[in-house]
Amino acid sequence: MKLSKIALCLAIAGIGAPAFSQQTEPLDSNKNEKTERIAVTGSRIKRLNIEGSLPITVISRAEIDAQGISSAEQLLSQLNIASNGSDNLSSNAGIVSGEARGNNGVSGANLRGQGADATLVLLNGRRVATHGLVGRSVDLNSIPFAALERVEILRDGASAVYGTDAIGGVINFITKKDYQGAQASAFADATEAGGGNIYRVNLVGGTGDYNTDGYNVFASLSYKQNKRLMGVDRDFTNTFQPDRGLSPDTRGPVFATAFNRAGSLLGSSGLTDPDGGGTVSAINILNLPGGAGCDSFPLMGPYAYDLWSSSSSKYACAWDYPRSQAIQQPQDSLDFVGRASFKVSADHEAFVEFVASDVDVAKSFEPYQISPGSTFGLDSWYPSTGAAYDMVYDALAGYFDESQMNYGDPIAYRWRCMACGNREIETNTQAYRLLLGMEGTILDDWDYNIGISRAQNESSSKLGGGFYYTSGLVGALGGGNINPFLMPGEEQTAQAMQDLADVSAQGVTLYGGRTLLTTIDASISGDIGVDLPGGSIQMATGFDLRREEYKFNGDSRADQQAIFSAPFDNANALDNVSRDIKAVYAEFYLPVLDNFDISLAGRYDHYSGFGGTTNPKVSFSYRPIETVIVRGAYSTGFKVPSFNQLFNGLTESQYTGLDLADPETCPSGIADETTPGCERIQPVEVTGGKEDLVPEESTQSSFGFVYAPTADFNISLDWWNIERTNTIRSAPRDVLIANYDLFKDNWIRDSSGEVIAIDRRYINSGGTDTSGIEVDSTLTGDLYDGKWSLHLNGSYLTSYKSKGLEVLPYSDNLVGEYVRYNSLPLKWKHTLTFGYAVGDWTHSLTQIYRAGYKDEEPVSVANGSYIPPNWNPDVDAYLIYNYSVSYSGIENTALTFGIKNLFDQDPPFTAHQNDYSAGAAWEPRVADARGRAYTLNASYNF
């Protein structure tokens, strides 16, 4: 086999391991070689080499350790083909409900921006149960990461091979299959700035030589702990940067801001400002002329009223609430992998595999903001008998005309209840999969694999500290013991803290969910005995029988006493729902010529409730010359609605905006009180599931080439496109307005014709169109007595479009633009690694790059009322370097030391607001907040 052939085989598989570990010596074509057939992710056919027409990335255990990667979530964050979505624990910091509740402890895999529910996650080639709370995507925290041998990623749709939901691609986590001896390993990842440290210990042991003893039994047990990292632990999280367009939109600071309300000290209309004559309705005495200043308290500052176009809040103070959130959630996980293999005969193996995990995650975010309103009305306002009442009144009377105030009436206020403590939601997830199987060879050279498995994921969330029963909290606030006007250095009294403790809701279970997956599958592959000019036709065929079950519990307490801001989800409780999937598939490998082959695959799936669907896939590989391969593929996909999208209950939310009008009489839907028919409306918005949803459909295409002139150099380029139709989403308000004639029935009216509600339940809307180009290249050489390598992997996103209806054109291309809720479509991402191995030492230096993008515009910029002097619409690129060195010169011992973020680069500044996505002042979908960190991985073989 020629050098170019060897390099080409490796390049086609897209191997991401350091190039110095690849085969670089020529092989004698006359030498007898072991001809073991292997299977890679993306095909059921075992072949004699790893050539293929699909782009596959293989990440070895050695590469994972060299990069100091300690979890599947971290691995996904460094993959260029993974989207920059809100699928990690740092991007899910605040309160969530409905389908998003699964983010209480879930990390998802999201390839090519298609979503975690459209990326198929496998463990040793088979499915695992989705997360128990949300029920639609696999939780990466339950993957036994320490026991992995490698990770294979198919960068292409695989609905025709693995199942209809493999639209974005397939990630196959592959653990050890057998092991002899014993090994203990430990890993530490400690930040230089403190906080957010990660630790892991692992034990693995096995006995039995499969070939000589006829069996092998091994087990792996791992414990991992992620320490909490708070926003206040990093300076770059500061959101008080109004000159750059960012300032916290809250008037509930640590020292309370007085508000106007009927029956309160400030009355219903507020106070006339002596400086300008306008009316102010939110006043903090610290921010009055001559006052102590908002910044006399940590994390406080003046409210940026010009930025938020709210002149009535000229004298308000704000508090940097995003900095009180956990930007790395604490996590404790225990996972186990056990496998026993038995040689039934020379050609048959029986095996049993058991995988289990127990994961605890605690979400922590800012304390309550107490605001005057329906919940915290007059009974909870600060009484005139309070110790601080006269202090506030005197300060106000010293600047405003005291005749405007109602001395003796309580103070309506907005306040951050620091005494209440951070709100916390604690989530426990327990998962397992038991697999029984047999594999081997029949009829001389046909490979078979049969398995039956049962998988479960059960999860529950409960309230930690910071949550209180509503009625008790109202009484405690109005009792006068709790003082929202404490000056620096003052503390709440013991009685005030006892009043809070008496009404604490800590430990109350929010909800729980469980998914079950029962699977029977079988496949067989081999040579059908028909020859083409390029060789023998090979085929694979098989079937899958699956039952998916889902159950979700709402508030199960006997006494459902209200708890303020606790995100219970009773409307979406499901007793037990299930569906059956029956599938058969076939795949053919056709070596048409010595340099041209075609792979054909087709799969028929039948979903109970939705009927059947057939999804084909065709791919080809053409080698015009020895050093070049041209490849391409086309396939279709089909994704049924999730249980939540079908069966979620109805939730009603009052629309409180001031900008909505009836589109029947005001086609723009924009309120304008001066235009007849465009008067403001504030209807109820109804969200929830719809049982008449139809499946989403997709087409996936790819085309590329591989060039490998020598064993020392190869490069591959692959273009890809994914288009989805009938996409399922909560009905967008702008779509319902712009297409009013089509959605008249969604605008619910009373007998007089007034809009009283908008039906925004899930709909099948238009679609999405996403495409890009991926590059992978490796260059190797000799240096002194060692070998060096340079490996580049990059992803260039060319299109990211959507449309609200099938009949509408696609939107403008959003690549390089800020997207608030979903994946952030960065134009270019790459990883460039230089490796050098000599003797017992292996060095690795990696550059990780994420392109910049257009930032979200602040409110005042969007409406043109105020442009901050240092506002920059462009977010800088993110560039960091990681270094590691490994030493294997000590018998039975392996050591790897690394430095992450070598130059301690802060995340780039962004002005997006924390109310709508996590990470104000920085972007957790792009950057790691931990900063420079030092890693040490040590293992010892007994």
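User: Hi! Let's start with Ile-758. Which strand does it lie in?
Analyst: Ile-758 sits in strand β35. Keep in mind that this is a predicted model.

User: Is Ile-758 buried or exposed?
Analyst: Buried, because its relative accessibility is 0%, and the cut-off for buried is under 20%.

User: And how far is Ile-758 from Glu-424?
Analyst: Their C-alpha atoms are separated by 33 Å, and the two residues are 334 apart along the chain.

User: Zooming out, how many helices and strands are there?
Analyst: The protein chain has 10 helices and 45 strands.

User: What about overall dimensions? What box do the C-alpha atoms fill?
Analyst: Along the principal axes, the box is roughly 105 × 65 × 55 Å. The radius of gyration is 30 Å, which agrees with the value near 30 Å for a compact globule of 942 residues.

User: Nice. What share of the residues counts as buried?
Analyst: That comes to 58% of the 942 residues.

User: Let's switch to charges. How many salt bridges did you get?
Analyst: The count is 38 salt bridges. One of them pairs Glu-696 with Arg-724, with the closest N and O atoms 2.5 Å apart.

User: Where do those two sit in the chain?
Analyst: Glu-696 is in strand β31 (residues 696-710) and Arg-724 in strand β32 (residues 713-725), so the pair, 28 residues apart, links distant parts of the chain. Glu-696 is buried, at 3% relative accessible area, and Arg-724 is buried too, at 6%.

User: Which residue does Arg-557 meet in a salt bridge?
Analyst: Asp-555, at 2.8 Å from N to O. Arg-557 is buried with a relative accessible area of 18%, and Asp-555 counts as buried at 9%.

User: And what does Glu-149 pair with?
Analyst: Glu-149 forms a salt bridge with Arg-150, where the closest N and O atoms are 3.0 Å apart. Here Glu-149 is partly exposed at 38%, and Arg-150 is partly exposed at 25%.

User: Last topic: which residues make up the patch of negative charge on the surface?
Analyst: Asp-672, Glu-673, Glu-679, Asp-750 and Glu-754 gather there.

User: Where is Glu-754 found?
Analyst: In the loop between β34 (747-749) and β35 (755-759). Glu-754 counts as partly exposed because its relative accessibility is 48%.

Definitions and conventions:
Residues numbered from 1 in each chain as written. Predicted model: local features only at pLDDT ≥ 70, side-chain atom pairs only at ≥ 80, totals over all residues. Heavy atoms only, no water. Patch = residues over 30% accessible without salt bridge, like charges linked within 9 Å, V, L, I, M, F, W, Y side chains within 5 Å. Areas by Shrake-Rupley, 256 points an atom, 1.4 Å probe, with all protein chains shown as cover. Salt bridge = Lys/Arg side-chain N within 4 Å of Asp/Glu carboxyl O. Lys, Arg positive; Asp, Glu negative; His and termini not counted. Charge placed at Lys NZ, Arg CZ, Asp CG, Glu CD. Helix = DSSP H or I, 4+ residues; strand = E, 2+ residues; numbered from the N terminus. Buried < 20%, exposed > 50% of the residue type's maximum accessible area, 1.4 Å probe, protein only. Rg over C-alpha atoms; globule rule 2.2 N^0.38 Å.
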